[in-house]
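Morning, everyone. Let me put the sequence and the structure up on the screen, and then I'll walk you through them.

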Amino acid sequence: TMLVHMEDHGRYHLLGSTIDDAAGEAYDKVARFLGLGYPGGPIIDRLAADGDPEAIRFPRGMIDRTGDDRYAFSFSGLKTAVVTYVRKHPDVSAADVAASFQEAVVDVLVTKARRAAQEVGAKGLCLGGGVAANSALRSRLVEACQEDGIRPFVPSRSMCTDNAAMIAAA
């Protein structure tokens with residue numbers, strides 16, 4: 001998970017990256033814990049459609065950071081919070097867990113991307129990587145861009161399954 005500012009064609013500046021689990025890794029680990037299979041992203045995305053994203057208030061790791069690490073990401077604590085919650089509430093709806101987990105991930109990603117775009121004066125936001133296939137992230141990023149008056153660049157889902165494919169497309 002990274003936030004990168006494209007200063008010009010071929011010139012990029014890393015604004016922030018993950019310090020532990022990337023978003024996709026967190027999806028995989030949560031899905032594995034819930035016994036849903038691998039890869040976790042598509043499975044949780046489908047299951048979340050039937051759940052309540054506000055059922056459980058999972059933590060938003062590093063969302064309010066300021067200073068040099070304001071664009072760093074951490075999803076390890078979120079994964080631990082999901083495991084802890086499910087162990088304490090074994091009868092909880094898997095769909096609600098998936099939706100609430102996904103809401104936490106999307107909230108962090110979109111909030112930080114918006115802040116970064118505003119800070120650097122970006123004219124658009126581009127979503128990339130495997131997690132770019134996530135339906136909630138895609139729709140929330142497009143909404144945020146429309147609200148902020150910047151252009152969203154969201155690849156087709158077929159270009160989101162493999163980071164190598166994303167790099168080749170670029």
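First, a term: when I say two residues touch or are in contact, I mean heavy atoms within 4.5 Å. Now some ground rules. This is a predicted model, where local features need pLDDT of at least 70 and side-chain atom pairs count only at pLDDT 80 or more, while totals for chains, interfaces and linings use all residues. Residues are numbered from 1 along each chain as its sequence is written, and side-chain values use heavy atoms, with hydrogens and water left out.

Start with K79. K79 sits in helix α3, residues 76-88. Helices here are DSSP runs of H or I, at least four residues, and strands are runs of E, at least two, numbered from the N terminus. Leaving aside residues up to four places away in sequence, K79 touches D21, K29 and V30. F153 is another matter: K79 and F153 are 74 residues apart in sequence and 28 Å apart in space, C-alpha to C-alpha.

Zoom out. The protein has six helices and four strands. Along the sequence the order is β-β-α-α-α-α-β-α-β-α. The C-alpha trace spans about 50 × 35 × 30 Å along its principal axes. Of contacts between residues at least 6 apart in sequence, 67% join residues at least 24 apart.

Next, burial. Buried means under 20% relative accessible area, exposed means over 50%, and partly exposed is in between, with a 1.4 Å probe and protein chains only. Buried residues are 38% of the 170 in the protein.

Which helix holds Q102? Helix α4, residues 94-120. Q102 has a relative accessible area of 6%, so it counts as buried. Beyond residues up to four places away in sequence, its contacts are Y27, I44, D45, A48, N134 and A136. With Y27 there is also a polar contact, side chain to side chain, at 3.3 Å. That term means a pair of N or O atoms within 3.5 Å; within protein, one must be able to donate a hydrogen and the other to accept it, and residues adjacent in sequence count only if both atoms are side-chain atoms.

Last, two backbone points. The peptide bond from Y38 to P39 is cis, with omega near -5°. P39 lies in the loop between α1 (23-33) and α2 (40-48). M62 is in the loop between α2 and α3. M62 is not a glycine, yet has a positive phi of about 60°. For background, most residues other than glycine have a negative phi, and most peptide bonds are trans. M62 is also buried, because its relative accessibility is 13%.
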